[in-house]
Amino acid sequence: MSAVLITTGHLAADGSEALQKYASSVLPMLLAAGGQMLFRGGPMETLVGNNPPDLFFAMRFESAEIIRRLLTSEEYVRLVPYRNRAFSQITTVIAQDFES
């Protein structure tokens with residue numbers, strides 16, 4: 001069963017250089033693992049709630065296990081310091097893909 005990697009994040013005020021390094025490295029890694037981009041962008045309008053994330057990101061993978069392996073790989077773990085400097089808050093989840 002396919003799974004969707006969903007990330008939302010609040011950008012750090014001084015994290016633009018780290019974000020550039022993180023994004024330019026992690027996106028090719030996700031694509032190489034078979035990820036299919038579903039969405040990436042930012043909010044246009046908040047309809048319910050407060051303090052929406054600055055960034056929304058979703059990719060479909062063949063399985064949740066592929067996502068877990070990727071996010072625990074040495075290659076990804078080396079990028080974690082950039083991720084942590086780029087975002088003041090970040091949430092990443094694996095969601096069940098009801099479409100598959």
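Modeller: Let's start with a definition: a residue is buried under 20% relative accessible area, exposed over 50%, and partly exposed in between. Keep in mind that we are looking at a predicted model.

Colleague: Fine. Then how do I class E65, as buried, partly exposed or exposed?

Modeller: E65 has 39% relative accessibility, so it counts as partly exposed. R68, at 45%, also counts as partly exposed.

Colleague: Which residue does R68 form a salt bridge with?

Modeller: First the idea: a side-chain nitrogen of Lys or Arg has to sit within 4 Å of a carboxyl oxygen of Asp or Glu. Here R68 pairs with E65, and their closest N and O atoms are 3.5 Å apart. Both residues belong to helix α2, which covers residues 64–72. They are three residues apart, about one turn of the helix.

Colleague: How many salt bridges does the structure hold?

Modeller: Two. In the other pair, D97 meets R60, with 2.4 Å between the closest N and O atoms. That bridge links distant parts of the chain: R60 is in strand β3 (residues 55–61), while D97 is in the segment after β4 (87–96), 37 residues apart.

Colleague: And is D97 buried or exposed?

Modeller: D97 has a relative accessible area of 5%, so it is buried.

Colleague: Can we zoom out? How many helices and strands are there in the protein chain?

Modeller: Four helices and four strands. Reading from the N terminus, the order is β-α-β-β-α-α-α-β.

Colleague: What should I make of the radius of gyration?

Modeller: You set it beside the value for a compact globule, which for 100 residues would be near 13 Å. This chain has 14 Å, so the two agree. As for its extent, the C-alpha trace spans about 35 × 35 × 15 Å along its principal axes.

Colleague: What share of the 100 residues is buried?

Modeller: 31% of them. The accessible surface comes to about 6600 Å², and carbon and sulfur atoms account for 54% of that.

Colleague: And the charges? How many positive and negative side chains does the chain have?

Modeller: There are 8 positive and 10 negative ones, and the centres of the two sets lie 6 Å apart.

Colleague: Now contacts. What share of them join residues at least 24 apart?

Modeller: Take contacts between residues at least 6 apart in sequence: 79% of those join residues at least 24 apart.

Colleague: Is S88 buried or exposed, then?

Modeller: Exposed, because its relative accessible area is 57%.

Methods
Residues numbered from 1 in each chain as written. Predicted model: local features only at pLDDT ≥ 70, side-chain atom pairs only at ≥ 80, totals over all residues. Heavy atoms only, no water. Helix = DSSP H or I, 4+ residues; strand = E, 2+ residues; numbered from the N terminus. Buried < 20%, exposed > 50% of the residue type's maximum accessible area, 1.4 Å probe, protein only. Rg over C-alpha atoms; globule rule 2.2 N^0.38 Å. Contact = heavy atoms within 4.5 Å. Areas by Shrake-Rupley, 256 points an atom, 1.4 Å probe, with all protein chains shown as cover. Lys, Arg positive; Asp, Glu negative; His and termini not counted. Charge placed at Lys NZ, Arg CZ, Asp CG, Glu CD.
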